[in-house]
Amino acid sequence: MAEWTQKRFWTKATAAEAEGGFEVLLDERPLRTPLKAPLVVPTLALAQAVATEWDAQVEVVKPLTMPFTRSANAAIDKVSPQHAEVAELVAEYGGSDLICYRAEGPDVLVARQAEHWDPLLDWAGSALGAPLFSVVGVMHVAQSENSLSVLKQYVSAMTPFELVAFHDLVSLSGSLIIGLAATRNLMPADTLWQISKVDETWQAEQWGHDEEAEELAETKRLAFFHAQKFFKLVEKTA
């Protein structure tokens, strides 16, 4: 969608009920995805968010300013046709979750990782029924097959709209557990993001901040926040 452009031709974008959910009308014309599928979303809240993005366009449509539209398009055009494959890809993060791999030192970093990551591992075991263990170093260590199966079930049960957001939550943070915590409002999004960046934050404290790296990190942070908001908007209780 980033390469697609079109001049504004409509007066008003509105959300309306449609078969199977809710759609966005540009005047009376239903919005479609880049692959020409009807853009029908599961909740009125998401349809309204998409409509707001289209109303905000001026002369030329700028897709990069329309994150809700882009995520909805991805759910319909990309995730829906290959839901099982995407779920499998995301679930694999559970086998090498960021918060399971700990530094050998220094002691300050080891303590910081434990402080922020151990509570999430405890939560995974108690609330999700998927206990994972932590190891020192970066060499892969197999987790319990039962735990990985439980985590995969959570991912596979997601709708295409939930999964497109969850994919970003997990890939941006590097952690399936952090992604699940974000979908369940276990902690504020900013707290979870900072937890996922314990190592990077410590490195910056030791060696200084890099402007280019910080700009990239900020882009990813905002994308993480968007993904959590999108996930909440597509829940039927939204």
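Let me begin with Phe9, which is partly exposed at a relative accessible area of 38%. Trp10 is buried, at 4%. Buried here means under 20% relative accessible area, exposed means over 50%, and partly exposed is in between, with a 1.4 Å probe and protein chains only.

A word on the source. This is a predicted model, in which local features need pLDDT of at least 70 and side-chain atom pairs count only at pLDDT 80 or more, while totals for chains, interfaces and linings use all residues. Residues are numbered from 1 along each chain as its sequence is written, and side-chain values use heavy atoms, with hydrogens and water left out.

Back to the rings. The whole structure has 4 aromatic pairs. One of them joins Phe9 and Trp10, edge-to-face, with 5.1 Å between centres and 80 degrees between planes. The rings of Phe, Tyr and Trp (its six-membered ring) pair if their centres lie within 6.5 Å; planes under 30 degrees apart are stacked, over 60 edge-to-face, and the rest tilted.

Next, Ala91, in helix α3, residues 83-91. Helices are DSSP runs of H or I with at least four residues, numbered from the N terminus. Is Ala91 buried or exposed? Ala91 counts as buried because its relative accessibility is 12%. Beyond neighbours within four places in sequence, Ala91 contacts Lys152, Val155 and Leu176, contact meaning heavy atoms within 4.5 Å. Ala91 and Leu176 are 85 residues apart in sequence, yet their C-alpha atoms are 7.2 Å apart.

Last, the pockets. On a 1 Å grid over the protein atoms alone, a pocket is an open set of points where a 1.4 Å probe fits, with protein on both sides within 12 Å along at least five of seven lines; lining residues have an atom within 4 Å of a point. Volume is the space filled by probe spheres set on the points, which are joined across faces, edges and corners.

The largest pocket holds about 510 Å³. It has 18 lining residues, and those closest to its centre are Glu200, Thr201, Ala213, Glu214 and Ala217. Helix α10 gives the largest share of that lining, 7 residues.

The second largest pocket has about 410 Å³. Here α2 gives the largest share of the lining, 7 residues.

How values were computed: Helix = DSSP H or I, 4+ residues; strand = E, 2+ residues; numbered from the N terminus.
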